[in-house]
Amino acid sequence: METNISAIKFKLWCKNNKYSAQKIADVLQKQRTTIYSYWSGKNPVSDEDKKKLESELGLPIYEIFYDKELK
């Protein structure tokens, strides 16, 4: 099974910036369980949601979702 680097990076970014799953869910108007599935890599984050996170929270979407290096 391949590790989903972007899911790991997304979860770490949220934790490092003190964004709970509930806060992310509120911003995206999703259920908290959806955010957990994003963090685990079970479901990908849609492009629309990535843009919303970037504009509302400052999430660096290129670094998190497209740069495959774990920094």
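At what angle do helix H2 and helix H3 pack, and how far apart are their axes? In this predicted model, H2 (residues 21-28) and H3 (residues 32-40) pack at an angle of about 110 degrees, and their axes are 8 Å apart. That angle makes H2 roughly perpendicular to H3. On the H2 side the contact is made by Ala 21, Gln 22, Ile 24, Ala 25 and Leu 28, which meet Arg 32, Ile 35, Tyr 36, Tyr 38 and Trp 39 of H3. By class, these residues are eight nonpolar, one polar and one charged.

Ile 35 takes part in this contact. Apart from neighbours within four places in sequence, Ile 35 is in contact with Ala 21, Ile 24, Ala 25 and Leu 28.

## Helix pairs

| Helix pair | Axis distance | Angle |
|---|---|---|
| H2 and H3 | 8 Å | about 110 degrees |
| H1 and H3 | within 6 Å | roughly 125 degrees |
| H2 and H4 | within 10 Å | roughly 105 degrees |

The axes of H1 and H3 cross at roughly 125 degrees, and that makes H1 oblique to H3. Here Ala 7, Phe 10, Lys 11, Cys 14 and Lys 15 of H1 meet Tyr 38, Trp 39 and Ser 40 of H3. The contact of H1 with H3 has five nonpolar residues, one polar residue and two charged residues.

For H2 and H4, the axes cross at roughly 105 degrees, and the two helices are therefore roughly perpendicular to each other. Lys 23, Ile 24, Val 27 and Leu 28 of H2 meet Asp 49, Lys 52, Leu 53, Glu 56 and Leu 57 of H4. This contact of H2 with H4 divides into five nonpolar, no polar and four charged residues.

## The nonpolar core

In soluble globular proteins, nonpolar side chains tend to be buried together. The largest nonpolar core of this model has 18 residues. Phe 10, Ile 24, Leu 28, Ile 35, Leu 53, Leu 59 and Phe 65 have the most contacts inside this core. Two or more residues come from each of helix H1 (5-16), H2, H3, helix H4 (47-57) and helix H5 (61-66). H2 gives the most, with five residues.

## Single residues

Trp 39 lies in H3. With a relative accessibility of 6%, Trp 39 counts as buried. Leaving aside neighbours within four places in sequence, Trp 39 is in contact with Ala 7, Phe 10, Lys 11, Cys 14, Lys 15, Tyr 19, Ser 20 and Ala 21. Between Trp 39 and Cys 14 there are 9.5 Å in space, C-alpha to C-alpha, while the two are 25 residues apart in sequence.

Is Ser 6 buried or exposed? Ser 6, which lies in helix H1, counts as buried because its relative accessibility is 14%, and the cut-off for buried is under 20%. The side chain of Ser 6 makes a polar contact of 2.8 Å with the side chain of Asn 4. Not counting residues up to four places away in sequence, Ser 6 touches Ile 64 and Phe 65.

Asp 67 is placed in the segment after H5. At 15% relative accessibility, Asp 67 also counts as buried. Beyond its neighbours within four places in sequence, Asp 67 is in contact with Lys 9 and Tyr 62.

Note on methods. Residues numbered from 1 in each chain as written. Predicted model: local features only at pLDDT ≥ 70, side-chain atom pairs only at ≥ 80, totals over all residues. Heavy atoms only, no water. Axes fitted to C-alpha atoms, helices over the stretch in contact; angles between N-to-C directions. Helix = DSSP H or I, 4+ residues; strand = E, 2+ residues; numbered from the N terminus. Parallel < 35°, antiparallel > 145°, perpendicular 65-115°, else oblique. Contact = heavy atoms within 4.5 Å. Nonpolar A, V, L, I, M, F, W, Y, C, P; charged D, E, K, R; others polar. Core = buried A, V, L, I, M, F, W, Y, C linked by side-chain atoms within 4.5 Å. Buried < 20%, exposed > 50% of the residue type's maximum accessible area, 1.4 Å probe, protein only. Polar contact = N/O pair within 3.5 Å; in protein donor to acceptor, adjacent residues only side chain to side chain.
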